[in-house]
Structures are given as C-alpha cells and as structure tokens.
Amino acid sequence: MSKQLSAVTFGEPMAMFYANEAGPLHEVTSFSKALAGAESNVATGLSRLEHTTGYVTKLGEDNFGQFIAMALNKENIDTDSITYTKEAPTGMLIKSKVLTGDPKVEYFRKNSAASKLSLADFDEAYFASAGHLHVTSISSALSKTCHEFSLHAMEFMKKSGKTVSLDPNLRPTLWPDKETMVATINDLATRCDWFLPGLGEGKILTGLETPEEIAAYYLERGVSLVVIKLGPEGAYYKTAAGEEGYVNGFKVEEVVDTVGAGDGFAVGVISAMLEKLPVAEAVRRGNAIGALAVMSPGDMDGLPTRDKLESFMSAGV
C-alpha cells in the first residue's frame with residue numbers, strides 16, 4: 001500500500017441530533033444533525049492538525065451511514081477501510097442543550113452495524129500503513145467481536161513497532177457490570193503505550209485516589225506514559241523514564257458543552273507526541289484543545305486548525 005497514515009483509529013461513529021433549544025429532550029422540537037463518537041472526534045482533531053488519519057468501522061447501508069461517510073470525508077479522514085452491511089443499522093444519538101452542566105444524551109446503538117465489526121474486517125496492510133493507533137474502550141463494550149478486533153489491532157500495532165494510545169472513555173451503561181468494565185479496560189491498558197484517563201476514571205479503574213498513585217499503577221503494568229486529566233486545573237503526567245509534572249489548564253470564559261473535551265485532550269497529546277514534542281508540551285497542547293472543546297456547542301466544533309491552536313496557546317487564555 002502506497003498510502004501512509006500518521007494515525008488510525010476504529011470504533012462507532014454515530015449520527016447525532018442535538019437540541020437547538022434548552023429543555024427536556026421529549027419537549028424539544030428543533031434539532032441539528034452532526035457527526036458524533038469519541039473516535040471520530042479524535043480522527044477529526046488529528047486531521048485538522050494535518051495528521052493524515054484513517055478511520056475503520058462498519059456502517060449500515062442507510063442514510064445515517066451515508067451521512068457519516070460524507071462527514072468523515074469532509075474532514076479529510078481516510079475511509080478506505082470502512083465496510084457496509086445490510087444486516088444492521090447505523091447508530092445514532094440525541095443530545096440535549098443545557099445552560100450549565102452536562103447535557104443529557106440518549107443513544108440508539110444496540111446491535112448497530114459498528115457492533116458487528118470483527119476480525120474478518122481487519123485489514124493488515126491498512127493498519128501497517130499507519131504510524132500510530134488510537135483506541136477507546138467503547139469499542140470493547142459494544143460486542144465480543146469488537147473486543148476481539150480491539151485486542152488484535154493493539155497487538156498487531158505493538159508487534160509492528162508502532163505506538164498505541166488508549167482513552168478509557170468510561171461508558172458504564174454499555175457494560176454488563178462494573179467488574180467486567182474495570183477488568184477489561186485494565187487489560188487493554190497493559191497493551192498501550194500512552195494511557196489517558198480522567199482522574200475520576202482512574203479512581204474507578206484502580207481504587208486509588210491520587211494522580212501519582214494511579215499513574216504508578218499503570219506504569220508498573222508496562223505503560224510508558226500516563227496522562228491524567230484533572231478538568232479545569234489541567235493534567236498530571238508521568239513517564240516510565242521518570243519524567244513527571246503537573247501542567248496548568250487554560251482559562252475558559254464560558255463552558256458551553258463539556259462533551260468532547262476528553263477527546264480534544266487526546267488529540268492534543270497524540271498530535272504533539274507524533275511531532276516528537278516534549279511530554280510537558282504535549283500535555284499543554286492537550287489542555288488547550290480540551291479548553292477549546294468546552295467553549296463550543298458541538299462535539300467537534302471546537303477542534304482547532306493549527307493556526308487557531310497556535311494563536312490560542314500563544315495568547316495563554
């Protein structure tokens with residue numbers, strides 16, 4: 001394969017209908033449509049920062065599937081490894097508009113096309129063409145075949161000498177129980193290079209309290225970099241080589257929508273690491289894009305171009 005990708009990811013992209021007015025979802029009559037999904041957020045962010053990125057998934061042969069493929073292509077995300085099925089529909093969600101706090105999200109994704117992704121869909125040449133793999137634990141929660149795909153993709157990339165990042169993206173409602181969720185995600189974490197949990201997620205997954213303890217837990221299990229999101233305060237990082245530190249967050253004038261902030265953070269860290277920047281600078285970029293994400297209404301509206309990112313970071317807002 002002549003094509004070279006900077007990064008590749010896989011998962012479930014969804015059609016999202018987000019409310020144009022505040023209030024309970026059942027009372028809202030006006031919605032706008034957009035692309036949603038943690039992995040598609042990350043792919044979009046990397047692509048906007050000029051990192052060639054591929055997205056692997058399975059879509060239904062329906063209007064939502066067509067919409068998602070069109071939306072990914074519009075962001076210059078490579079879709080050559082996307083497959084289609086008549087057997088299952090493309091997933092979707094509706095999201096409320098809130099004036100403060102987190103919006104309410106309702107998913108329609110059970111037995112979706114993406115949940116049918118399996119080892120038969122794994123294109124070795126396609127993954128081999130990428131320098132980095134980004135994974136979330138959401139894929140493993142979707143189905144047994146998706147979990148097998150996740151494990152295989154991570155092992156394949158590691159054996160190929162590529163880097164692998166993992167964002168736990170806890171979605172308790174997708175798992176049969178908390179114990180299964182914790183055990184599965186901690187197993188996935190041992191297969192990645194860069195682990196990116198939030199502090200609350202780290203506490204749930206390890207039973208430990210401080211960023212330092214949580215980072216040590218994963219470093220002892222073979223991870224080479226742990227970055228722990230601390231919300232508006234910023235983030236803490238520690239590497240297997242012993243580098244560590246806290247990096248302050250950026251000032252946010254108004255929080256418009258918190259969804260997508262963690263994905264924006266992942267975009268910042270991954271893109272900077274791929275550019276071989278110092279770890280502290282990578283974490284600072286993660287903080288910056290996370291801040292931009294919460295100041296925008298859609299999941300990916302705030303994901304910046306390189307120019308926008310540089311002006312925001314240099315202003316130090």
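Visitor: In which loop does Asn169 lie?

Guide: In this predicted model, Asn169 lies in the loop between strand 10 and helix 6.

Visitor: How do I read the phi of Asn169, and what is its value?

Guide: Here is the general idea: most residues other than glycine have a negative phi. Asn169 has a phi near 40°, a positive value in a residue other than glycine.

Visitor: Is Asn169 buried or exposed?

Guide: The cut-off for buried is under 20% relative accessible area. Asn169 has 7% relative accessibility, so it counts as buried. Now turn to Asn76, in the loop between helix 2 and strand 6 (83-85). Its phi is also positive, near 60°. Asn76, however, is exposed, with a relative accessible area of 63%.

Visitor: Let's go on to helix 6. How does its length compare with what its twelve residues should span?

Guide: At 1.5 Å a residue, helix 6 should span 16 Å, and its end C-alpha atoms are 16 Å apart, so the two agree.

Visitor: What caps the N-terminal end of helix 6?

Guide: That is Asp177: one of its side-chain oxygens lies 3.2 Å from the backbone nitrogen of Glu179.

Visitor: Which residues of helix 6 are buried, and what covers them?

Guide: The buried residues are Met181, Val182, Thr184, Ile185, Asn186, Leu188 and Ala189. Their cover includes helix 4 (138-142), helix 5 (144-159), strand 10, strand 11, helix 7 and helix 8.

Visitor: Helix 7 is in that list. Which of its residues are buried, and why do they line one face?

Guide: The general idea is that an α-helix has 3.6 residues a turn, so residues three or four places apart point the same way. In helix 7 (residues 199-206), the buried residues are Glu201, Gly202, Leu205 and Thr206. Seen down the axis of helix 7, they fall within an arc of 110°, so they line one face of the helix. Among the elements covering them are strand 10 (163-167), helix 6 (178-189) and helix 8 (211-219). After helix 7 comes Gly207, with a positive phi near 75°.

Visitor: Now the sheets. What is the strand order in the sheet of eight strands?

Guide: As a general idea, strands of a sheet pair through backbone hydrogen bonds, either parallel or antiparallel. The open sheet of eight strands has the order 4-1-9-10-11-12-13-14, and its pairing is mixed. Strand 4 (53-56) and strand 14 (244-248) stand at the edges with a single partner strand each, so one side of each is left without a neighbour in the sheet.

Visitor: Which residues of strand 14 are on its covered face, and which on its uncovered one?

Guide: Gly245 and Val247 make up the covered face of strand 14, while Glu244, Tyr246 and Asn248 make up the uncovered one.

Visitor: Which strands does helix 1 lie across?

Guide: Helix 1 (residues 38-48) lies across strand 1, strand 4 and strand 9 (132-136), at about 165° to strand 4. Helix 10 (residues 279-294) also packs on the sheet, touching strand 12, strand 13 (234-239) and strand 14, and its direction makes about 150° with that of strand 13.

Visitor: And what is the order in the sheet of four strands?

Guide: That open sheet has the order 3-2-7-8, again with mixed pairing. Strand 3 (31-36) and strand 8 (105-108) stand at its edges, each with a single partner strand, so one side of each is left without a neighbour in the sheet. The twist averages 20° from one strand to the next. Strand 7 (residues 92-97) and strand 8 pair in the antiparallel sense over four bridges, with Tyr107 of strand 8 as the bridge partner of Leu93. Helix 2 (residues 63-74) lies across strand 2 (14-22), strand 3 and strand 7, at about 65° to strand 3.

Definitions and conventions
Residues are numbered from 1 along each chain as its sequence is written. This is a predicted model: local features need pLDDT of at least 70, side-chain atom pairs count only at pLDDT 80 or more; totals for chains, interfaces and linings use all residues. Side-chain values use heavy atoms; hydrogens and water are left out. Buried means under 20% relative accessible area, exposed over 50%, partly exposed in between (1.4 Å probe, protein chains only). Helices (H or I, at least four residues) and strands (E, at least two) are DSSP runs, numbered from the N terminus. The arc is that of the directions from the helix axis to the C-beta atoms. Contact means heavy atoms within 4.5 Å. Two strands pair if DSSP finds at least two bridges between them. Axes are lines fitted to C-alpha atoms, for helices over the stretch in contact, and angles run from 0 to 180 degrees between N-to-C directions. The expected span of a helix is 1.5 Å times one less than its number of residues. A polar contact is a pair of N or O atoms within 3.5 Å; within protein, one must be able to donate a hydrogen and the other to accept it, and residues adjacent in sequence count only if both atoms are side-chain atoms.
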